[in-house]
Amino acid sequence: MTVKKNDSEPENRLLTVRNLAVSFATDDGTAKAADSVSFHIEKGENVGLVGESGCGKSVTALSILRLIPSPPGRIDADGIWFDGQDILSMPSKQLQDIRGRAISMIFQEPLSALSPLHRIGRQMMETILLHRKMPAKAAWQFAEQWLGKVGIPDAAERMYAYPFQLSGGMQQRIMIAMALMLAPQLIIADEPTTALDVTTQAQVFDLIRAMKAEDTSMLLITHDMGVVWEMCERIIVMYASRIVETGSREDIFSNPKHPYTIGLLNAIPKLTGERGKLNDIPGQVPSPFDYPRGCHFEKRCPFSMEKCVHEQPPFYDCGPGHRAACFLLADNAG
Amino acid sequence: MAQNAEKSKTVEKPLLRIKDLKTWFPVKRGLFSRTVDFVRAVDGVSLEIYRGETLGLVGESGCGKTTLGRTLLGLEKSNSGEMFFDDMPLHALTPRAMKQLRKRLQVIFQDPMSSLNPRMTVIDIVTEGIAQFKKIEGSKEAHARRLLKEVGLAADSIYRFPHEFSGGQRQRISIARAIALRPEFIICDEAVSALDVSIQAQIINLLISLQQRYRLSYLFISHDLSVVSNIADRIAVMYLGQIVESAKTSDIIQNPLHPYTRALISAVPVPGKKGLQRTLLKGEIPSASSPPPGCRFHPRCPDAMEICNCAAPDREKFHGREVWCHLYAHPAD
């Protein structure tokens, strides 16, 4: 087995992604979905990965489980280490053992993540039997218990239901049960509530908070700044395939440093009851087929300088654990 | 054209007036497609919208807000109730009169990719309406360029197709098409819901500027309370086919009266707000084909009383606001 230990990592580090690049070869050329993405997740930590559509947040998450179809996709990275094991060089058999057990996923659309042809109980049982040695009957009971735990009424009866017979909120509860029941070390939740109404969203987040074990980490991918505020201690902001800023929740919301983060926070419609124009960010997101040479935000940035056009800005430290990729920070970072 | 006999007084009259509107969809079963039940999508809605005003209509999926908009446009047939647009009865218009009215009543849908014809160039899309009503000023090309400029698109993109634009730009094309006939009233059905925050803000700002320039009235339908609160003068909250509360935007957001409105507002995740004082609703929205008796919200209501499961609440005027809830019927309790 080719398990490569990464000795330089601190003890409580669960996941390390270093210099990840994902690209897709299409008829129109190569689209860069993610570029120089490096981050880490510690044990028990809830990390939010935020950004607008096409910024590469979902692709980054899928790369962690090597779920990018290849071809046309291509993952290049210095390494992705999960709990000391190198995901990228791992044989697929070993990876399958990690998927669903050590790392589980909650997707945006439960109806497309669940099989339409199989009853709920059977789908849940399949996951359990794949990873745990137990009699089928015990697995069935285990699944039924979890349906009850995630607040599905008449769990015994619902085990025989097909996904389409349940509401969106119920389907997402089943996804959560499936993601949590094997006590994973990391949950990757990709826009888990985007398809749901706000009152159902509140119920679902309440459930994730209550059900998640203390030392289970979560990577929450979302476009909603309100959601990350509520669920995550640390936040990574992505824009046009790159990470632009990362820091604690307080760093990002009270002391944002990158012009994109600042612009994004200002553009959010506020729930204050006061009517008026919003502070939009002018312009468009650049095309992934043709990203500019320098900073990807340069064209929309109010502080753009000559340097930004030609060079990719490095990360500057703005405080403990708070870093942003912007040349404006070059002076005070020292 | 059917004109209301009573001429307007000097007091401002609403541009749009809906009274006790019901739009039900039949549920058909069996060999002979017997109608066994009705989905009461809109079930007794009354509201008014004035000139130059934006009414935000909020509610969760399946509450009937989109059906209400479609009924106003004549895309769904109402079962009963009245709709008056500038004294013209929308519920009784001939198809021909309805077509004439399209000049004054327009719509912007959520997904421009499915509401713009992929085989038409932008110039044809935005001038289709004005060509139909013979309202082209100057050349068609010049008119199209003017329209694109007005919504912030490059005027030289008139010969491109919708798929060549980004989501935000496509929504600008929809807006250009909607304002081409200089309408008085535009229904925006989740018009910014599919857009990213930074682009969403651009489109909301565009809608606000156009409203100021042309004194437009909007019915702004959305599930997103934060978005609605930034554009609407008044908000009406819908639940299961009925309006439960309507008031000035600041009143609704800062001091919601109806328990459902309160739960809805507290459920919105807002940066900086602690989620602790949240009112979590139990259960899910019941089916619109068999709504609960009495107040439709009572099975999920944290403040439900005995009267709520037998009697539907009437419209209560409470400090000049409208709320459909028994809690405000006897303020002395």
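## A strand wrapped on both faces

Both faces of β3(A) are covered: Asn46(A), Gly48(A) and Val50(A) sit buried on one side, and Val47(A) and Leu49(A) are buried on the other. Buried here means under 20% relative accessible area, with exposed being over 50% and partly exposed in between (1.4 Å probe, protein chains only). Strands are DSSP runs of E, at least two residues, and helices are runs of H or I, at least four, numbered from the N terminus. Five of the five residues of β3 (46-50) of chain A are buried, so the strand is largely enclosed by the rest of the structure.

This is a predicted model, where local features need pLDDT of at least 70, side-chain atom pairs count only at pLDDT 80 or more, and totals for chains, interfaces and linings use all residues. Residues are numbered from 1 along each chain as its sequence is written, chains are lettered from A and ligands numbered from 1 in the order in which they are written, and side-chain values use heavy atoms, leaving out hydrogens and water.

## Who β3(A) pairs with

Strands count as paired if DSSP finds at least two bridges between them. β3(A) runs parallel to β9 (residues 217-222) of chain A over five bridges, with Gly48(A) bridged to Leu220(A). β3(A) also pairs in the parallel sense with β10 (residues 234-239) of chain A, this time over four bridges; there, Leu49(A) has Ile236(A) as its bridge partner.

## The sheet in chain B

Over in chain B, eight strands make an open, mixed sheet in the order β6-β7-β8-β3-β9-β10-β12-β11. The edges belong to β6 (105-108) and β11 (316-318) of chain B; each has a single partner strand, so one side of each is left without a neighbour in the sheet. From one strand to the next, the twist averages 20 degrees.

At one end, β6(B) pairs with β7 (185-189) of chain B in the parallel sense over four bridges, and Val107(B) stands opposite Ile187(B). Helix α10 (259-267) of chain B packs on the sheet too, touching β9 and β10 of chain B, at about 100 degrees to β9(B). Contact means heavy atoms within 4.5 Å, and the angles, from 0 to 180 degrees, are between N-to-C directions of lines fitted to C-alpha atoms, for helices over the stretch in contact.

## Cysteines on their own

Take a disulfide as a pair of cysteine sulfur atoms within 2.5 Å, and the count over all chains is zero. Cys63(B) is buried at 2% relative accessible area, and its sulfur is 15 Å from the closest cysteine sulfur, in Cys295(B), too far for a bond.
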